[in-house]
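Student: I've got a structure open and I'd like to learn how to read it. Can we go through it together?

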Amino acid sequence: MDADPETLAGFDPFAEQVIADPVPWYALMRQEQPVFRVPGAGFYLVTRYEDVVAAVRDTETFSNRFTSPGLALGRGSPAIQEELNAILACGYPRTPTLLTNDPPAHTRFRRLVSRAFTPRRVSSWTGAIDRLSDELIGAFAGRGSVELVAEFAVPLPIGVIADALGVPREMQPTFRKWTDDSTDLIGADVTDERRLDAARGLVEFQTYFAAELADRRRSPRDDFLTDLLQSGELDDTRPLDTPEMLSILHQLLVAGNETTTTLLAESMRLLVASPSDYGRVAADGDGSFTAAVVEEALRLCAPAQGMFRVVTRDTVLGGVELPAGATAILMYASANRDEAQWPDPDSFCPGRDGVRHHLSFGSGIHFCVGAALSRAEAQAALPRLCRALPDARLATDTLDYKPSFVLRGLRSLPLTFTPT
Ligand code: HEM
């Protein structure tokens, strides 16, 4: 491993060293320049817990109506702009709903979505989570080796959300392509051709779910789509219209799948490196130890390392002047390792005090809508994996992370084990 960085000068969020391990950089920032202006990039990284929480609470100064660098690049190169717009014009308009919105509009969307994303609804999905976990594990448990990201951590969240949205089995490969399309449409590292294809995928996704919503309008069912449709009926709030519902459904794919994949993969990476914890998860009767592992994995390996905010007026944060119009990234991953908040912050200590105060799901009005769902998936999956692969070992010396600064995730996690 590289030596710890000695200076922040020349820091590049996409440098190989940073992608491989950003932790020492965050530590240096917290110590030397807790609100750090990235050289040449024009945005600020907020790295201390206290400052991140202050910014999250001050939604008037730190707005979510951002266009992230990724989203800006997602407009595609000038050469394909017209074609891209022509494709998207065949679909429904994309409206900001939750993640990229502020009060009061955000408040209305959040209230309506919360009526569909209820604890009762999430617990109705646990059967599907258990079934799909068992099915995926069954496909490799007898083999003695697995690439856990491709064979488990990716398909589980996609399969669960597909099931939750009532997508039939035969449509699931298409649904999976739509989830890839949704990330590629805004991704930085995407060819023009792929981006155009992703735009076509988005329109297909919209067309499919617009028809499903129309079906639920005619014949309501006991499901999430029906709840979303009916969410405005409880008071005099204007119900969600079709473009709004489609934007919300799309956001569930963008926000929910890759992040849960990372949680599953990182939890297993940490457990494989800690055999006694691995054994405890395998033998966990009431799930309490597993829940502690999941929270500690979230704290140490925030799948969304940070979230964008646009500064709406000149302000001071952590002693640094931020001008109106600046972009700040609230570095949840760094705040989660702030030594002022947790003793021995870089150690994996399931059950540590105050772990639920980690910021991996954000905090305040934008707190993750899917937190209960992703926790349920990880809590169901880990004991099953630890029991089925009783002596799993890492089958590589180097871990390979995707070249993304904000959505940090393992590209692969090869394991070997005694077949069961
Ligand atoms: C381990 C998995 C997950 C992580 C780490 C995660 C992380 C986050 C974070 C950090 C935020 C706050 C954004 C901000 O501060 O601006 C957020 C919001 C959100 N998440 Fe998640 N998420 C996960 C899973 C999911 C799932 C499974 C879904 C849905 C199926 C989901 C849907 C959303 C939505 C819709 C928002 C926007 C909420 C709002 O702005 O009011 N997330 N998530």
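Tutor: Helices here are DSSP runs of H or I with at least four residues, strands are runs of E with at least two, and both are numbered from the N terminus. Bear in mind that this is a predicted model, where local features need pLDDT of at least 70, side-chain atom pairs count only at pLDDT 80 or more, and totals for chains, interfaces and linings use all residues. Residues are numbered from 1 along each chain as its sequence is written.

Student: How many residues surround the ligand, and which are the closest?

Tutor: A residue counts as near a molecule if its C-beta atom, placed from the backbone, lies within 6 Å of it. Here 25 residues surround the ligand, with Gly256, Thr259, Gly362, Cys368 and Gly370 the closest. Helix 14 (242-272) and helix 18 (371-388) each supply at least two residues of that shell.

Student: What is the shell like by class?

Tutor: The convention is that Ala, Val, Leu, Ile, Met, Phe, Trp, Tyr, Cys and Pro are nonpolar, Asp, Glu, Lys and Arg are charged, and the others, Gly among them, are polar. On that count the shell has 14 nonpolar, ten polar and one charged residues.

Student: Let's zoom out. How do I read the overall fold?

Tutor: The protein chain has 18 helices and ten strands. For its extent, compare the radius of gyration, taken over C-alpha atoms, with a globule rule of 2.2 Å times the number of residues to the power 0.38. With 420 residues, a compact globule would come out near 22 Å, and the protein chain has 21 Å, which agrees. Its C-alpha atoms fill a box of roughly 60 × 55 × 45 Å along the principal axes.

Student: Now the sheets. What is the strand order in the five-strand one?

Tutor: Two strands pair if DSSP finds at least two bridges between them. The open five-strand sheet has the order 1-2-8-5-3, with mixed pairing. Strand 1 (35-37) and strand 3 (62-63) stand at the edges with a single partner strand each, so one side of each has no neighbour in the sheet.

Student: Which pairs run parallel and which antiparallel?

Tutor: Strand 2 (residues 43-46) and strand 8 (residues 327-330) are parallel over four bridges, and Phe43 has Thr327 as its bridge partner in strand 8. Strand 5 (residues 307-311) and strand 8 are antiparallel, also over four bridges, with Phe308 opposite Ile329. Strand 1 and strand 2 are antiparallel over three bridges, and Phe36 is partnered by Leu45 in strand 2.

Student: What about the three-strand sheet?

Tutor: That open sheet runs 4-10-9 with antiparallel pairing. Three bridges join strand 4 to strand 10 (residues 414-416), and Val146 has Leu415 as its bridge partner there.

Student: Is Pro34 buried or exposed?

Tutor: Count the other C-beta atoms, placed from the backbone, within 10 Å of the residue's own: 20 or more means buried, 12 or fewer exposed, and anything in between partly exposed. Pro34 has 23, so this residue is buried. Pro34 lies in the loop between helix 2 (23-32) and strand 1.

Student: What does Pro34 touch?

Tutor: Contact means C-beta atoms, placed from the backbone, within 7 Å. Leaving out residues up to four places away in sequence, Pro34 touches Met29, Thr47, Arg48, Asp51 and Gly318.

Conventions. Contact = placed C-beta atoms within 7 Å.
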